[in-house]
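Dear colleague,

I am handing over the structure below for your records.

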Amino acid sequence: MCRECDALQKVPSLSRGELLACCRCGAHLRDSHGERLHRVLPLTIAAGVCFVLANSWPIVSIEVAGNRASTSLLGAILALYEQGVPGVALIVLLTGFVAPAAQLVLLAYALSSLAAPHRLSGISRIVRLLQALRPWSMAEVFMLGALVSLVKLAGVARVIPSIGLWSLSAVIVLTAAAHAAFDVRGYWERARATQ
Amino acid sequence: MSTIESAMSTIESAMSTIESAQVLSASSLGLLGCSVCGELNRALEFECGCWCCGAPLQQRKRDSLSRSWAYLLAAAIMYVPANLYPVLRSRTVAGAESHTIMGGVVALWHAGSWPLALLVFFASIVVPLLKLLAMTLLLVSVHARSSWRLQERACLFRLLEFVGRWSMLDIFVVAILVALVRLRSLATIDAGPGALAFGAVVVLSMLAAQAFDVRLLWDSAGRNERA
C-alpha cells in the first residue's frame, strides 16, 4: 500500500541498492539497503556525545577592535528571551534544541528496548513520536543559519568558528545517518522476532 | 494472534486481485494502511490499532481539509507583518538601522555575497510564498474534485513538505546575530517584531502541510473507488 495515494501494489523483491516507488504517484515506498538497524544505536550515541559538545561550547566568536563576543545555541536563545522576544526564543528552543535532543534520546530508548526481554511500555507511542518529530528537528537549518550570519559579519568583524560549530556539523551528519538506517517497518519486524 | 492472521489472509486475497492491471486502493477493498509503519489492516478492526505497531488507525487524517485551511489562512495573515515589520534592528556608532527580510537580502547583495543573497532570498521569500500558493492550489483542487495533473500535484506536495523547514533559516540567523553582536558601545542588534511573525508563518505553514492528507487528492478525483 502506498501511504500517499492508497494504491495497492505488489512489492517485488529488491536487489541491493534499489528503490521502490509507487506505481501511481511516484512516492518512495521502500529501499533495500538490507539490515541496517544494528548501525542506528552506535550512530545515535555518537550523535548524542557531539550534541552535548555542540551545546557546551560557543558556536562562533567575533572580534571587533579588541572586543570579543561569542555565543552558543542556548546563549542565543537566552539573548532572544532577554531582549523581549520570547516567542522567537521559544521557536528556536523547540526546533533547534528540544526536538533534536528528544529525537536522539527516544531513538536510543527505542533501540535499547529491542534488547530487553519484555516489550517496554509505551514503545509504540515513542516510535510514533519519533516519526512526528522528524520535520521539527532543524539542526541542519540552524547550521546553515550560523554560516549565513558568519558571512554577514565577516565584513565588519573577525569571525572565529569554534568547537561548537564543528560538533554541530558532526551531529547533523550522524543524526542523518542514524535516521537513514532506522526504518519503522524493519524495527517492528525485529521487535516481533525477538519478543 | 488471530487478528493478525485474519488481516494477513485479507491482504493475501487483496493481493490476488491486484494481479489485474488496474490500480486498486486500500480503502476500496476494506483495508486500511497504518500511517506509521505502512502495514495493511482490515478496516473493520481499526479500533484495535495497527496489528504491527499498535498505532491508532484512521481511514484519512481527521478533519484534514478544514484544519489545513485554518493553518493556511493563519499563515497567510501572518505573512503580511512578517514582511512589513523589521526582523532586525541594529544600533551602531554610525546610527540605528532596521532591516526587513527583503532588506536583509538586498544588504547581502550589495555586500557582494550574491550566492548567499540568493539562498536567503529563496529560503525566506520565495519558499514561504510558494508554499502558501501551492497549499491553496492543492486544497482548492481537492474541493473541486479535480483530476488535473494528479501525479504532478502529489509531487508538488512532497516538495512542499521537504522544503518547508528550510524557511526557518532566517529565524536562526536572527538568533545568532542578536546573541553575538552585543559589543556594548560599538554595536548591538535586536530582533524586531517581524521575526516573530515570520517564525509563525513558517510553523503554521508546516502545520498546514502536515494536516493535509495527500490521499485526498486521489480520493477526490475518484481514483480510489472500486470501478
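Strand β4(B) is joined to strand β7 (residues 187-191) of chain B by 5 bridges, and the two strands run antiparallel. Within this pairing, B:R89 has B:D190 in β7(B) as its bridge partner. Strand β4, which covers residues 88-92 of chain B, also pairs with strand β5 (residues 95-99) of chain B, again in the antiparallel sense and over 5 bridges. Please note that the model is a predicted one.

As to chain B in general, it holds 8 helices and 7 strands. Of its 227 residues, 42% are buried. When contacts in chain B between residues at least 6 apart in sequence are considered, 63% of them link residues at least 24 apart.

The two chains meet in a contact that takes 54 residues from chain B and 53 residues from chain A. On the side of chain B, helix α6 (residues 169-180) supplies the largest share, with 10 residues. That side comprises 39 nonpolar, 10 polar and 5 charged residues. Strand pairing also crosses between the chains: strand β1 (residues 7-8) of chain A and strand β1 (residues 24-25) of chain B run antiparallel and are joined by 2 bridges. In this pair, A:L8 has B:L24 as its bridge partner in β1(B).

The largest nonpolar core contains 123 residues, and A:L80, A:V92 and B:A175 have the most contacts inside it. Helix α7 (residues 193-211) of chain B gives this core its largest share, 13 residues. As general background, nonpolar side chains in soluble globular proteins tend to be buried together. Around A:V92, neighbours within four places in sequence being left aside, the contacts are A:A76, A:I77 and A:L80 in chain A, and B:I171, B:F172 and B:A175 in chain B.

Helix α7(B) has 19 residues, of which 16 are buried, so the helix is largely enclosed by the rest of the structure. From its first C-alpha to its last, α7(B) reaches 27 Å, close to the 27 Å expected at 1.5 Å a residue.

The buried residues of α6(A) are A:G164, A:S167, A:L168, A:V171, A:I172, A:L174, A:T175 and A:A178. Their cover includes α1 (37-56), α3 (86-115) and α5 (139-154) of chain A.

Two buried positions may be of interest to you. B:D170 is found in helix α6 of chain B. B:D170 counts as buried because 27 C-beta neighbours lie inside 10 Å. Not counting residues up to four places away in sequence, B:D170 touches B:V87, B:I101, B:V120, B:A123, B:S124 and B:F198. In chain A, A:I123 is found in helix α4 (residues 123-133). A:I123 has 20 C-beta neighbours inside 10 Å and therefore counts as buried. With residues up to four places away again not counted, A:I123 touches A:A110 and A:S113.

Two backbone angles also deserve a remark. Most residues other than glycine have a negative phi. B:D63, however, has a positive phi, near 45°, and is found in the loop between β3 (40-42) and α2 (64-84) of chain B. Its 12 C-beta neighbours inside 10 Å make B:D63 count as exposed. B:R145 likewise is not a glycine and has a positive phi, of about 50°. This residue, B:R145, is found in the loop between α4 (114-143) and α5 (150-163) of chain B, and B:R145 is exposed, with 10 other C-beta atoms within 10 Å.

Finally, the domain assignment divides chain A into domain 1 (1-34) and domain 2 (36-194). The centres of these two domains of chain A, taken over C-alpha atoms, are separated by 30 Å.

With kind regards

Note on methods:
Residues are numbered from 1 along each chain as its sequence is written. Chains are lettered from A and ligands numbered from 1 in the order in which they are written. This is a predicted model: local features need pLDDT of at least 70, side-chain atom pairs count only at pLDDT 80 or more; totals for chains, interfaces and linings use all residues. Domain bounds come from an automatic or database domain assignment. A nonpolar core is a set of buried Ala, Val, Leu, Ile, Met, Phe, Trp, Tyr and Cys residues joined through C-beta atoms within 7 Å. Helices (H or I, at least four residues) and strands (E, at least two) are DSSP runs, numbered from the N terminus. Two residues are in contact if their C-beta atoms, placed from the backbone, lie within 7 Å. The expected span of a helix is 1.5 Å times one less than its number of residues. Ala, Val, Leu, Ile, Met, Phe, Trp, Tyr, Cys and Pro count as nonpolar, Asp, Glu, Lys and Arg as charged, and the others, Gly among them, as polar. Two strands pair if DSSP finds at least two bridges between them.
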